[in-house]
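Here is a short briefing to read alongside the sequence and the 3D view. Please keep both open as you go through the points.

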Amino acid sequence: GMLGRHVVARLARDPALWAMTAFVRPETTAPVRDWLTAHGVDLIEASLLDAHQMAARTPDDTDVVLHLAADTSTDPRDRARQWQTNVEGTRAVAEAVLLTRVRRLVHVSSASVYGFDRHRIDEHAPQVGSDHPVAYVASKAAAEEVVRAAIARGLDAVILNPGHMLGAYDLNNWAMMIRLAAAGRLPALPPGGGSFAAAAAVADAVVAAIDRAMIGENYLLGGPVASFREVIGRSAAILDRPLTSRVAPGWALIAAARVIERLARLTGSR
């Protein structure tokens, strides 16, 4: 994924200090495998849902496991698959670490587990994501509970909560909004905004958490607060071309999204 590639690129800058092994799925494509091996990563096939298989195939000298895998789909039809990956997958990873001599688990969650309705949050704010109607948010909140349960059983783990991430290797997230705007296919921007972090800076925090984070703590990884209009405005400056600056009212986007979702269910499209 996007963040995983940034972490690999960060660790690959110092091959004398880090040796990397990545678990991949049997269906992982050749270009992804080639990219990883080109960055000095050894590949091991395993199922994210099989703790004993992952534990058995973890190299004996592994010091830390970085759990970056997540299903970020926003399609309600993917809810069951998403729960399997984000919650049961995290449960299996935590169990696998407990079954080995690995020193620490760094679990990457999301700032979304704190909800979207407050102007300011810190790590001690209550997490309200477990009841969120968006399956991704609810699954990430549940995954954190899985990690905390494993910590209670003796797991050395820390939890990182990035905000919105921007950076290279982004194929499906905020880069989609930028690409649509650049192609003239985004008639208006959504209102609102958020805290945007550089993905490379989040990768630096993942690496720092290996030795510097405290067991059981959450760490919010934010960045500049910007509206979506400001993000597209900055993108326009970088691209040196005009992009839309029109902002649509929230009610109109919600109505359009409901129509599109119903059409997608009828047609089977994404």
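The notes below cover the sheets, the helix packing and a few residue contacts.

This is a predicted model, in which local features need pLDDT of at least 70, side-chain atom pairs count only at pLDDT 80 or more, and totals for chains, interfaces and linings use all residues. Residues are numbered from 1 along each chain as its sequence is written, and side-chain values use heavy atoms, with hydrogens and water left out.

**The four-stranded sheet**

- Four strands form an open sheet in the order S3-S4-S5-S8, with parallel pairing; strands (E, at least two residues) and helices (H or I, at least four residues) are DSSP runs numbered from the N terminus, and two strands pair if DSSP finds at least two bridges between them.
- At the edges are strand S3 (64-67) and strand S8 (218-221), each pairing on one side only.
- Neighbouring strands of this sheet are turned by 20 degrees against each other on average, direction ignored; axes are lines fitted to C-alpha atoms, for helices over the stretch in contact, and angles run from 0 to 180 degrees between N-to-C directions.
- Strand S5 (residues 157-162) runs parallel to S8 and is joined to S8 by 4 bridges, with Ile-159 standing opposite Asn-218 in S8.
- Helix H5 (residues 135-152) packs on the sheet, where H5 touches strand S4 (104-108), S5 and S8, and its direction makes about 160 degrees with that of S5; contact means heavy atoms within 4.5 Å.
- Helix H7 (residues 199-212) lies across S3, S4, S5 and S8 and runs at about 155 degrees to S4.

- S6 and strand S7 (residues 193-198) run parallel and are joined by 3 bridges; Met-165 stands opposite Ala-197 in S7.

**Helix pairs**

- Helix H6 (residues 174-182) and helix H8 (residues 228-239) pack at an angle of about 60 degrees, with their axes 10 Å apart.
- H6 and H8 are therefore oblique to each other; angles under 35 degrees count as roughly parallel, over 145 as roughly antiparallel, 65 to 115 as roughly perpendicular and the rest as oblique.
- Trp-174, Met-177, Ile-178, Ala-181 and Ala-182 of H6 make the contact with Phe-228, Val-231, Ile-232, Ser-235 and Leu-239 of H8.
- The axes of helix H1 (residues 2-12) and H2 come within 10 Å and cross at roughly 25 degrees, and H1 and H2 are therefore roughly parallel to each other.
- Here Arg-5, Val-8 and Ala-9 in H1 meet Val-32, Trp-35 and Leu-36 in H2.

**Residues of helix H2**

- Trp-35 and Tyr-169 form an edge-to-face aromatic pair, at 5.5 Å centre to centre and 75 degrees between the planes; rings of Phe, Tyr and Trp (its six-membered ring) pair if their centres lie within 6.5 Å, and planes under 30 degrees apart count as stacked, over 60 as edge-to-face and the rest as tilted.
- This pair links distant parts of the chain, with Trp-35 in helix H2 (residues 30-38) and Tyr-169 in the loop between S6 and H6, 134 residues apart.
- Arg-33 also lies in helix H2, and Arg-33 touches Val-24, Arg-25, Pro-26, Thr-28, Leu-43 and Glu-45, not counting residues up to four places away in sequence.
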